[in-house]
Amino acid sequence: MQFLTFDKATAESSVQVVTRWILARLRNTVLVDVHAADAAIAALLPSLNNRKFQKLDGSRASLFAALDAPALSRLPTQPWQWAMFKTVKAHIDYHVEVDFHRYSVPHSLVGLALEARVTDALVEVLHRGQLVACHARSSRRGGFTTLDEHMPAAHRAHKQWTPERLIHWGSSIGANTGQFVTQLLRRFRHPEHGYRSCLGLLSLAKRYGPQRVEAACTLALELGAGHYRHVRDILTNGRDLIARAAPEPEWVAPVHDNVRGAANYH
């Protein structure tokens, strides 16, 4: 507390010096606005800063040059901007979502919680305080901003994927998986929105095997469930492994003399 009191007294003493040696000299000067006041004070500052101390060697200007100036850092190359921070997660497609737009990050960060610094012009993504991605901010809802260097070499071919290729991949697992992928892509207004879900199905196929994914998609279609999470939950809960009763055969009218067939109708 004594240290703080000393700093406060020193600051107030400096204010008193400026009041006596600058403001007092301007007391009879007419200053029309704040800019005129700034200019008048700036003109008198050198005389105050170069004035010799009474009990110390040097002046304010010489002490600043010897003590403060060497410790100063360069000004930032860009002016300060207001920024907001939010925690984001790197999804399976190595993108994070900020205001309904997705921005890529290095693929090695998939699954990790990251921090996004959002300004009017930029979206910067940080991992443990280190900048890992920087993108121009986009206002396109549902869009993607992707840098090729963020993608692993094995996945760069995904950039050329089309709905047809995704449906073909699903059909290679099974007919119902292909049908599920088709419905999944049609569910979204923009194809990119279904991209992440299709990659999710790909990861499920690698984890559970194509047979179980086909069975889960079959069950999902029967239940009218068309989201990726439905297939994931079916596999997680093992519902695809539960034996289901065979569907009852279609009812056929018995042969009887009193029942006329199609030949009686023209």
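This is a predicted model: local features need pLDDT of at least 70, side-chain atom pairs count only at pLDDT 80 or more; totals for chains, interfaces and linings use all residues.
Strand 3 (residues 101-104) and strand 7 run parallel and are joined by two bridges. Strands here are DSSP runs of E with at least two residues, helices are runs of H or I with at least four, and both are numbered from the N terminus. Two strands count as paired if DSSP finds at least two bridges between them.

Now for the charged side chains. Side chains of opposite charge can pair when their charged atoms come close. The structure has five salt bridges, each meaning a side-chain nitrogen of Lys or Arg within 4 Å of a carboxyl oxygen of Asp or Glu. One of them joins Asp-240 to Arg-212, at 2.8 Å from N to O. This pair ties together distant parts of the chain, 28 residues apart: Arg-212 lies in helix 7 (residues 210-223), and Asp-240 in the segment after helix 8 (228-237). Asp-240 counts as buried because its relative accessibility is 13%, where buried means under 20% relative accessible area, exposed over 50% and partly exposed in between (1.4 Å probe, protein chains only).

Another salt bridge pairs Glu-124 with Arg-117, at 2.9 Å from N to O. Glu-124 is buried at 16%, while Arg-117 is partly exposed at 23%. Asp-233 and Arg-232 also meet in a salt bridge, at 3.3 Å from N to O. Here Asp-233 is partly exposed at 32%, and Arg-232 is partly exposed at 33%.

Finally, look at the surface around Trp-80, Trp-82 and Met-84, which form a nonpolar patch with about 490 Å² of accessible area together. Such areas come from the Shrake-Rupley method with a 1.4 Å probe, and for residues only the protein chains shown count as cover. Patch members have over 30% relative accessible area and no salt bridge; like charges are joined within 9 Å, and nonpolar side chains (Val, Leu, Ile, Met, Phe, Trp, Tyr) within 5 Å. Met-84 sits in strand 1 (residues 84-89) and is partly exposed at 47%.

Conventions:
Residues are numbered from 1 along each chain as its sequence is written. Side-chain values use heavy atoms; hydrogens and water are left out.
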